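User: I would like to go through this model with you by question and answer, with the cut-offs stated as we go.

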Amino acid sequence: MEGHAGTALLTDAAPILGFALLFVLLFRKFGLGATLGYLVAGAVVGPQVLGIVGDAEDKMGIAELGIALLLFLVGLELSPARLWRMRSDIFGFGLAQVVLCGLVLTAIVGFGTQFSWAAAIALGLPLALSSTAQVLPMLQSAGRLRTPVGERAFSILLFQDISIVPLITIIAALSRNPADAQGPPGWLLGLYTVVAVVGLVLAGRYLLRPLFRLIGNLGEREMFVFAGLFTVIAAAAVMQALGLSIALGAFIAGVMLADTPYRHELEADVEPFRSILIGLFFVAVGMTLDLHAIAERPLFVIGMATALIISKTAVITVIARVSALPWRQAFAVGLLLSQGGEFGFVLFAQAQNAFLIENSAASLFGAIVTLSMATTPFLMMATRKLRTEPEPVAEGLDAPQQDGASAIIVGYGRFGQTVAQMLLGQGLTITLIDRDVEMIETAGTFGMKVYYGDGTRLDILRQAGAHEAQLICFCIDGDPFEAEMLHGVRNAFPDATIFVRVYDRRSILKIRGAPVAGVVREVFESAITMARQAMQSVGVDESEIARTEDEYRDRDKDRLKAQKESGDIRAARDRMFTHATPAAAVRKAESE
């Protein structure tokens, strides 16, 4: 039996991955996004088209871990401090969008169909959510995250992510779970949700944070991977045991860790698993779509998708105008967020489990969301002339999904602290990354926020916002750098200027040819300062001290150039000062 199960898994995995790869590449090529590619791939390999892979419900159970990981990463982004900084846009603009769009769409579903009002709420509220997975990559690729349009769109998406929690709770409270299903009534599920959230908050504060502090002290990267996955799965398991959403548990766990130094490390470690499983989730959604129900009512799907796009565009445009955006930019925000989103599929599944809608209804509205997502790239292209080029926002605003820092400093020891203080003195915003847990905690007592992580990894730098930073300063102790690694950083973040602290001349030779703007030997300047003070103490004239320093710098520069060209640490030894060649003697010999 075990051998048969393993063979079946491989037999199903190969076509799923193959078709997913094919359709995602195809859809990305035409600018339609990976999400639609996964959905179409699932529909094609599923039982209603080619029938290559069956048992979609079983695969959905595994794939839901992808949604849990996605919600965990969303929670990691929502630290209390960040939410407070963006409170006016998030809880004003975002709240207005979700509430007003939810009410309008609930009314459209309620009056335009034969569904009960409980079902209309369970269908209309999810339609108010837009696709974070589709919109944010569009903004990033176009370089528009720092524009008024990008800022407003991000604020709405951020609140939509937060609103998943109350929406899941609302659907749970509306549940019509019959007694013979052995499930609690809706009001009890709502109570369970509140109790579970409070319990997870307490567990995060008194169990998770000490756990990650211990792992950080051990310095084992693999343990972070295990701990991150354990956190998500344990929180999801608790919620599942209570008959609640596993995604809700993962979200709360993420929020509990959002304000810790380990956020960036956790994001980087969990992200690969999230990407794989979220793709599998959308494939499973495509497999479960009732294509026959959709084929029987194509006009309903097209009509509801059109109503969805028009109503959301209109409502969001009005809200954006009220928030003082020019009408062209307000229209751009409305159009950008006019589609349904991936969390709609999650909430439709919740509504099915709550016996509010049937599978055919979930399939119909899943098709409506899918069609609306497919139209967004075309609508944006078609209305390009109606939308003005966005004006850049004032400098210093937080960048969406990142800390918005001008500089990233990797290493916050005695060297990095000086660099950080001087940059802060010029009003630059910085993100600090280090792996020394004790130092991170000490820095926190001085009001400095230092994130835990290996800042030489591209994924950690990306999570810290390096793609939007002006400077990346590597201030790490020791000799950790290779030219290949620095080339990788440059290729990944071409807009950032790179500076590197190195240990000695040999370290400089290791990275020769690397695309860095500056290399600083860690004791070079301090040694020169000490030599100046020593010469002053024995009565050397100040002008002579300055000439000696200048000559030493010139000789050192010549030696270093020769060593880089030859790769030999012994090159240009004749340019060194020795006991027989003081600077004064050299100048005298040259003058004669």
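User: Does Ile164 count as buried or exposed, and at what relative accessibility?

Analyst: This is a predicted model, in which local features need pLDDT of at least 70, side-chain atom pairs count only at pLDDT 80 or more, and totals for chains, interfaces and linings use all residues. Residues are numbered from 1 along each chain as its sequence is written, and side-chain values use heavy atoms, with hydrogens and water left out. Buried means under 20% relative accessible area, exposed over 50% and partly exposed in between, with a 1.4 Å probe and protein chains only. Ile164 therefore counts as buried, at 3% relative accessibility.

User: Which residues does Ile164 touch, not counting those up to four places away in sequence?

Analyst: Ile164 lies in helix H8 (residues 148–173), where helices (H or I, at least four residues) and strands (E, at least two) are DSSP runs numbered from the N terminus. Its C-alpha atom is separated by 7.8 Å from that of Leu248, 84 residues apart along the chain. With contact meaning heavy atoms within 4.5 Å, the residues that Ile164 touches are Leu71, Leu129 and Phe343.

User: How are H6 and H16 oriented to each other?

Analyst: Axes here are lines fitted to C-alpha atoms, for helices over the stretch in contact, and angles run from 0 to 180 degrees between N-to-C directions. Helix H6 (residues 117–127) and helix H16 (residues 342–353) pack at about 170°, with their axes 9 Å apart. Since angles under 35 degrees count as roughly parallel, over 145 as roughly antiparallel, 65 to 115 as roughly perpendicular and the rest as oblique, H6 and H16 are roughly antiparallel.

User: Which residues of H16 make the contact with H6?

Analyst: On the H6 side, the contact is made by Ala122, Leu123, Pro126 and Leu127. From H16 it is made by Gly344, Leu347, Phe348 and Ala351.

User: Which exposed residues does H10 carry on the face turned away from its buried side?

Analyst: The buried residues of H10 are Phe224, Ala227, Gly228, Thr231, Val232, Ala235, Ala236 and Met239. They cover an arc (of the directions from the helix axis to the C-beta atoms) of only 155°, which puts them on the same side of H10. The face turned away from that side carries the exposed residues Phe226, Gln240 and Ala241.
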